Amino acid sequence: MIKESENIEFKRELTNSFIKEVIAFANTSGGTIIIGYNDDGTIYGVDNSKNVLEQISNMIHDSIEPQIDYLVSSKIVEEDNKDIIVVDVLEGTNKPYYIKSKGMTDKGVFIRLGSATEQASKDTIKNLIIESSGITFEKNISYNQNLTFEYTTKIFNENNLKFTKIEMQNLGLIAKDEKYTNLGLLLSDECPYTIKMGVYPDNTKNNFLDSKETEQSSILKQIEDVESYLKINNKVKSTINDFKREDTYDYDNSVLRECVLNMIAHRDYDIPGSDLIHVFKDYIEFVSLGGLVKGATIDDIKLGHSASRNIGLVSILHRLGYVEAYGTGIPKIYNSYSLCINKPEIKTAPNTFLISIPKIKYSEEYLKIINYLKNNQVITRESVENILNVGKHKAFILLSDLVNNNILIREGSGKNIIYKLK
């Protein structure tokens, strides 16, 4: 039995709300409306199905703007000796679609959120218009044309890269009419988009220990400023082994950097406001404006889906060495926690993307191996078998995991293989 979902809607009978469903599917990713089904998916049937089919055609033609007839197909299907009507709606290219009598307002525009049809917010309506126009934030002309690029020039020079007017045009910072684009605004010293950070004594936002907001400056400078702030608040524990000091941090600094880069590279700059970083007692939250890029899912990005709403910015970050390759950031973050008890968590909403990073806490088996090596120079597979009371295969898997995660190094071959802390 099929169930209602983000692409399937059941209606027992034709009502005025049918128009909202059609609009929602056309504004989102398309879908199917089945008239004559109860909410639980059982068949109720449609009386006078031919008349209802004609009503559907008239409602769609008369009630929706822009014209949507060509996106909708309806047919009568017989199931269990009862007629039902199946209405297929394609995703439109002339968004937003809306109820003609309500206009292009939050009372007239609808979208699909999960298995529900919802009124579109003003920001969502604006994004639908932008999506249809094909004009991205980066390519639009900046409202501020009095821009300087001292910090970005410095970073390009440090990377032995040119940053002349020609280069700025090639990178998309200057448009054909020689005006600065919004991508230029992001790289300029006058960039107005900031990041707010807060440190808390526990896992709530009831009290601040400290707070800071980045200055209006080049996105590249804000990356460095945020990274420095997080390093200051990344607590370290020091131990002395064989007269050598060993530091253990609450968080992997490279993971924090990936989170910052992901936040800056993929946020929706059409939405006003600041990105947020919350440093709690047991984890850090990175909250960026803008949900998932259209068509992407959380599973997609965990696997390295590289779609970005800021293609020009990501390209520049890649060119400057801030990101190694497209789509590797989120998988790298998750891979770094493969040996840990707690894992990163991603949550999304239409205008928000949140990734939560827990403190590093290795599983007990891995910790026993690491702690053994802090008091001994080397360990063997046989030693792991005895320490953990496990078989050969399990000991080999545990050691291989630690090697693959750059915690141990493997030396020797055959029966003479030993393992050391990296």
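Here are some friendly notes to read alongside the structure above.

1. **What kind of model this is.** Please keep in mind as you look around that this is a predicted model. The chain contains 14 helices and 18 strands, so named by their order from the N terminus.

2. **Overall dimensions.** How does the radius of gyration of the chain compare with that of a compact globule of 422 residues? The chain has 28 Å, while such a globule would be near 22 Å.

3. Next, find helix α7, residues 219–232, and helix α8, residues 253–266. Their axes are 10 Å apart, and the two helices pack at an angle of about 145°. The crossing of α7 and α8 is right-handed. On the α7 side, the contact is made by I219, I223, E224, V226, E227, L230 and K231. From α8 come N253, L256, R257, V260, L261 and I264. What sorts of residues make up this contact of α7 with α8? Eight are nonpolar, one is polar and four are charged.

4. **A cavity to look for.** How many cavities of 30 Å³ or more does the structure hold? There is one. The largest cavity has a volume of about 40 Å³. In general, empty space left between atoms shows up when a probe the size of a water molecule is rolled over them. The lining of the largest cavity is formed by Y193, T194, I195, I219, Q222, I264, R267, Y269 and D275. Five residues of this lining are nonpolar, two are polar and two are charged.

5. **Two cis peptide bonds.** You will find P66 in the loop between β3 (64–65) and β4 (72–79). The bond from K95 to P96 is cis as well, with omega near -5°. P96 sits in the loop between β5 (82–89) and β6 (98–99).

6. **A backbone angle to notice.** Last, look at N48, which has a positive phi of about 50° although it is not a glycine. N48 belongs to the loop between β2 (31–35) and α2 (49–63).

Terms used:
Residues are numbered from 1 along each chain as its sequence is written. This is a predicted model: local features need pLDDT of at least 70, side-chain atom pairs count only at pLDDT 80 or more; totals for chains, interfaces and linings use all residues. Side-chain values use heavy atoms; hydrogens and water are left out. On a 1 Å grid over the protein atoms alone, a cavity is a set of points where a 1.4 Å probe fits but cannot get out, and a pocket is an open set with protein on both sides within 12 Å along at least five of seven lines; lining residues have an atom within 4 Å of a point. Grid points are joined across faces, edges and corners, and a volume is the space filled by probe spheres set on the points. Ala, Val, Leu, Ile, Met, Phe, Trp, Tyr, Cys and Pro count as nonpolar, Asp, Glu, Lys and Arg as charged, and the others, Gly among them, as polar. Axes are lines fitted to C-alpha atoms, for helices over the stretch in contact, and angles run from 0 to 180 degrees between N-to-C directions. Helices (H or I, at least four residues) and strands (E, at least two) are DSSP runs, numbered from the N terminus. A crossing is left-handed if the near helix is turned anticlockwise from the far one by less than a right angle, and right-handed if clockwise. Contact means heavy atoms within 4.5 Å. The radius of gyration is taken over C-alpha atoms; the globule rule is 2.2 Å times the number of residues to the power 0.38.
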